[in-house]
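Happy to walk through this one with you. Please take a look at the sequence and the model first.

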Amino acid sequence: MTEDGIVTEPADDELLTIGAFAARARLSAKALRLYDRLGLLTPARVDEVSGYRQYRAGQVERARLVALLRRLDMPLARIAEVVDADGPDAADLLAAYWADVEARLAGQRTLADYLRGRLSGRSSEMYGKFVVETVDVPERVVITETRHTLADELPAWIGASIGRLEAAARECGGVTAAPFVVYHSEVSMESDGPAESCVPVADEAAARAWVAEHGRTWETGVRVEPARRLAYTRITKAQVAHPQILAAFEAVEEWMRARGLSYGGPCREVYFADWDAAGAGDPVCDVAFPVV
């Protein structure tokens, strides 16, 4: 305060006690000690003997920002990235985080609907939300990558393996159809498959040559996928998440049972859209069973 009674803001480099700083930041001293321990907001000065903490007035905005980001349930590591970034970059980081949150919430909403239907005995009503159709696919040469993986590791592996195979396809005459993932056994939090990523390619001889050179690195292979009739349902990006995707698989199986169709091979997911560009509600994948 000046001599004439006017209240002035402290300079950014002015040191404040933890109590004064907490009041200006509208946080508790306990919260400030937590932020210090987590490396999100370090005091400007700490007395080596007493442990007395002082903060600079210029740290108030960072303290408030950390508190607001924590109210979004943002992980601490991502909070550190946001508060350390420049304005536009920080805004982009926040937007990316919130897009992830909305995708997760959309998936959880789908899962909750699925569980309500199952627990209430309304399975037929639940399955009725999925439109099941059939399609005939021709014989194709595919390059593949196989891995034993649990459900929580599956999304990252699918993206990485398909990316590797699509890059390899440039040496094999190019990609001729949408990539797909075949499940040779259950993939869950208790069962690790295996799962097999497949990318159809044009040149079988080139594919076999590529696999001969690179096969040991990523457990890759090449095979001829026979012509099949698939029963499938189309799902959104939000519905792909495990375990809510199970509702789509069960809907197709129920459709098959109602029509007396038998399994003609292991189930699969066909990824026909640009995953990164798709929003939570955009169709990205066909859940399919070969049928006979």
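A few questions and answers on selected local features follow.

User: How should I read the numbering and the values here?
Analyst: Residues are numbered from 1 along each chain as its sequence is written. This is a predicted model, where local features need pLDDT of at least 70 and side-chain atom pairs count only at pLDDT 80 or more, while totals for chains, interfaces and linings use all residues, and side-chain values use heavy atoms, with hydrogens and water left out.

User: Which strands stand at the edges of the open sheet?
Analyst: Good one to start on! The sheet has 3 strands in the order β1-β3-β2, with antiparallel pairing; strands are DSSP runs (E, at least two residues), helices likewise (H or I, at least four), numbered from the N terminus, and two strands pair if DSSP finds at least two bridges between them. Each edge strand has a single partner, so one side of it is left without a neighbour in the sheet: these are β1 (15-17) and β2 (45-46).

User: What is the bridge partner of R45 in β3?
Analyst: Strand β3 covers residues 53-56 and runs antiparallel to β2, joined to it by 2 bridges. Within β3, R45 is partnered by Q54.

User: Is V135 buried, partly exposed or exposed?
Analyst: V135 sits in strand β4 (residues 132-137). The classes are buried under 20% relative accessible area, exposed over 50% and partly exposed in between (1.4 Å probe, protein chains only). Because its relative accessibility is 34%, V135 counts as partly exposed.

User: How far apart are the C-alpha atoms of V135 and A231?
Analyst: Along the chain, V135 and A231 are 96 residues apart.
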